[in-house]
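Colleague: I would like to learn how to read a structure of this kind. Could we go through it feature by feature?

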Amino acid sequence: MGERPYVLLSCAMSVDGYIDDETPRRLLLSNDEDFDRVDAVRATCDAILVGAGTVRRDDPRLLVRSRERALERVARGLPPSPAKVTLTATGDLDPGAAFFTAGDAERIVYAAPAAVAKLAERLGGAAEVVDAGAPGVDGGAGGAVDLGRVLCDLYGRGVRRLMVEGGTSVHTRFLREDLVDELHLVVAPFFVGDPAAPRFVGGGEFPRDRDRRMDLAEVRKMGDVTLLRYQIRP
């Protein structure tokens, strides 16, 4: 891999590690103070990345909400909100989703090779679709999205600070592939306990295990939730 952006992974979870439940009602794992903190962090980034599953499930807008912060970005010659980025292996994305329709931020979809042509046709001008197939997988035409290619391409577009906001499969891949520089975990003081609900990460081998521990750089209480900020690399 060549040069890549600084990657900040952000997630809110229950005490038992869930990021949602299986009910139709949205599960709020944060509060107003933390929402404002996340907004402030977003305003410092060049792009925000979520998986296609998060686009489908949560329909996020991924915009800087504070007018003052947006204006500060504009005064520095930046767009009001960071670029929006998503990853998809299947191309199953709705052009009517808020990811594509909310705000004027640049929108980039990194797709597996087999999905690129049809997805580009479906989205039209709603986003740029980029082939990010993993090299060596079916001659580069398989169903995988190569995170290394994604990060190198983003760096080439001027993205120096990338915020990753979910969901489970994206968190898992970035952490398992040791591509995260800083981790923000907000813990809500309740349990979900639903084995069918999505968790912060899935199973597998993680480079940052008991022998390579992360550095806890900050603990912050915000109302009834707690921020744990880990520095993974200097």
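Colleague: In which sense do S1 and S6 pair, and over how many bridges?

Modeller: First, the ground rules. This is a predicted model, in which local features need pLDDT of at least 70 and side-chain atom pairs count only at pLDDT 80 or more, while totals for chains, interfaces and linings use all residues. Residues are numbered from 1 along each chain as its sequence is written, and side-chain values use heavy atoms, with hydrogens and water left out. Helices (H or I, at least four residues) and strands (E, at least two) are DSSP runs, numbered from the N terminus. Two strands pair if DSSP finds at least two bridges between them. Here S1 and S6 pair in the parallel sense, over 4 bridges. One of the bridge partners is Leu-162 in S6, which goes with Val-7.

Colleague: Which sense of pairing joins S1 and S7?

Modeller: The parallel sense again, this time over 7 bridges. To find a point on that pairing, look at Leu-9, whose bridge partner in S7 is Leu-183. Leu-183 also stands opposite Tyr-230 in S9. S7 and S9 (residues 225–231) pair in the antiparallel sense, over 6 bridges.

Colleague: How many residues of S7 are buried?

Modeller: The term needs its cut-offs. Buried means under 20% relative accessible area, exposed means over 50%, and partly exposed lies in between, with a 1.4 Å probe and protein chains only. In S7, 7 of its 7 residues are buried. Both faces are covered: Glu-182, His-184, Val-186 and Ala-188 lie on one side, and Leu-183, Leu-185 and Val-187 on the other. S1 has 7 of its 9 residues buried, so the rest of the structure largely encloses this strand.

Colleague: And what does an exposed residue look like?

Modeller: Take Ser-169, which lies in helix H7. Its relative accessible area is 54%, which makes Ser-169 exposed.

Colleague: How should I read a salt bridge?

Modeller: Side chains of opposite charge can pair when their charged atoms come close. The rule used is a side-chain nitrogen of Lys or Arg within 4 Å of a carboxyl oxygen of Asp or Glu. The structure holds 16 salt bridges. In one of them Arg-4 is paired with Asp-181, with the closest N and O atoms 2.9 Å apart. Arg-4 lies in the segment before strand S1 (6–14) and Asp-181 in the loop between helix H7 (168–176) and strand S7 (182–188), so this pair ties together parts that are 177 residues apart in sequence. Asp-181 is buried, at 6% relative accessibility.

Colleague: How many residues apart are Arg-37 and Asp-34?

Modeller: They are 3 residues apart, about one turn of the helix, and both lie in H1 (residues 32–43). Arg-37 is buried at 9% relative accessible area, and Asp-34 is buried at 2%. Another pair is Arg-220 and Glu-218, whose side chains meet at 2.8 Å, N to O. Arg-220 is partly exposed, at 32% relative accessibility.

Colleague: Which residues are linked in a network of salt bridges?

Modeller: Glu-106, Glu-128, Asp-153 and Arg-157 are linked in this way.

Colleague: What should I look for in the backbone?

Modeller: Look at the torsion angles. A cis peptide bond, with omega about 0 degrees, joins Gly-166 and Gly-167. Gly-167 is in the loop between S6 (161–164) and H7. Phi is another angle to check.

Colleague: What is the phi of Leu-62, and where does Leu-62 lie?

Modeller: Leu-62 is not a glycine, yet its phi is positive, at about 60 degrees. Leu-62 lies in the loop between H2 (52–58) and H3 (67–75), and is buried at 2% relative accessibility. Asp-178, also a residue other than glycine, has a positive phi near 55 degrees. Asp-178 is placed in the loop between H7 and S7, and counts as buried at 18% relative accessibility.
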